[in-house]
Amino acid sequence: MSSELLTIDTVRPYVPPPAQFVPREVASEHRTAATTVLGFLLLTFLLGLCFIGLEVKEFIRMVGEGAGPDRSAFLSAFFTLVGTHGLHVTSGLVWMAVMMVQTSRREFDAVLPRRLTCLSLFWHFLDIIWIGVFTVVYLAGAMS
Amino acid sequence: MNVSEAIRTEEPRGGLQSYVAGALLALVLTLSPFAVVMGGASGTNAVAAIFGLAVIQIFVHLVFFLHLGRSPDQSWNITAFLFTALILGILVGGSYWVMYHLDQNMMPAMHMGAFVESNLVAT
């Protein structure tokens, strides 16, 4: 077992370094990094928003046609499964908005990449779930 | 630990290139099963194809986006992932197994049919 496994990085309280100790070239490197991060966060946020928009549109259309969750066991399961994923994506969008504010306001220090890494894990895991959902519900459902 | 060191140690592996490669692969692996289904294919082969493509895409996401790899510092992540896969397999596979047998053995229509038939024969 390697020694790094024994240090629990996440519970160590974070003490920000005094601003005057950050070398100038490092500080400018961080500003560039922060701009790139902000750009990609915004792109991801907009794509996620499109996804939620399409899903809400689909739900409204289905309920309008009388195919709401109260119609059948299939539709109850459909709305529960797809709706739960949609709620998680919505929480991810809120989290992403918070991270965009933090990236633009905070020093680009050690704590910010860790939070962004956690958001990345959450978002990509949702993606993996969605592969299962569109394969089983939409594709296999359309074939049978 | 100074600030730039702190950032470098937490930097995700691979960088932008790996994300772009992963995104392109994911796009192809999403569009192709949709093409299969929208092209009107059906049957066991088509089902096997879309589920196979889904499994491949899950691995693409794991490697390119979640950075799961075979390097030694990843061994605990791999262990946790395999345990998750085992639990998911038991839950999903077990549920499917149980449901299948319930369907086979306890469908009311089948029993009623057999019941009515045997009564008809008896009377």
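Select helix H2 (residues 15-38) of chain B in this predicted model: its buried residues (under 20% relative accessible area, 1.4 Å probe, protein chains only) pack against H3 of chain A together with helix H3 (44-64) of chain B. Contact here means heavy atoms within 4.5 Å; helices are DSSP runs of H or I with at least four residues, numbered from the N terminus. Residues are numbered from 1 along each chain as its sequence is written, and chains are lettered from A in the order in which they are written. Local features need pLDDT of at least 70, side-chain atom pairs count only at pLDDT 80 or more, totals for chains, interfaces and linings use all residues, and side-chain values use heavy atoms, without hydrogens and water.

Colour the buried residues of H2(B): B:Ser18, B:Gly22, B:Ala26, B:Leu29, B:Pro33 and B:Val37. An α-helix has 3.6 residues a turn, so residues three or four places apart point the same way. Just after H2(B), stop at B:Gly40, which takes a positive phi of about 90°.

Next, go to chain A and show A:Phe51 and A:Trp130. Their ring centres are 4.8 Å apart and their planes at 90°, so the pair is edge-to-face (centres within 6.5 Å make a pair; planes under 30 degrees apart are stacked, over 60 edge-to-face, the rest tilted). A:Phe51 lies in helix H1 (residues 24-64) of chain A and A:Trp130 in helix H3 (residues 111-143) of chain A, 79 residues apart. A:Trp130 is buried at 18% relative accessible area.

Notes:
Rings of Phe, Tyr and Trp (its six-membered ring) pair if their centres lie within 6.5 Å; planes under 30 degrees apart count as stacked, over 60 as edge-to-face and the rest as tilted. Helices (H or I, at least four residues) and strands (E, at least two) are DSSP runs, numbered from the N terminus. Buried means under 20% relative accessible area, exposed over 50%, partly exposed in between (1.4 Å probe, protein chains only). The expected span of a helix is 1.5 Å times one less than its number of residues.
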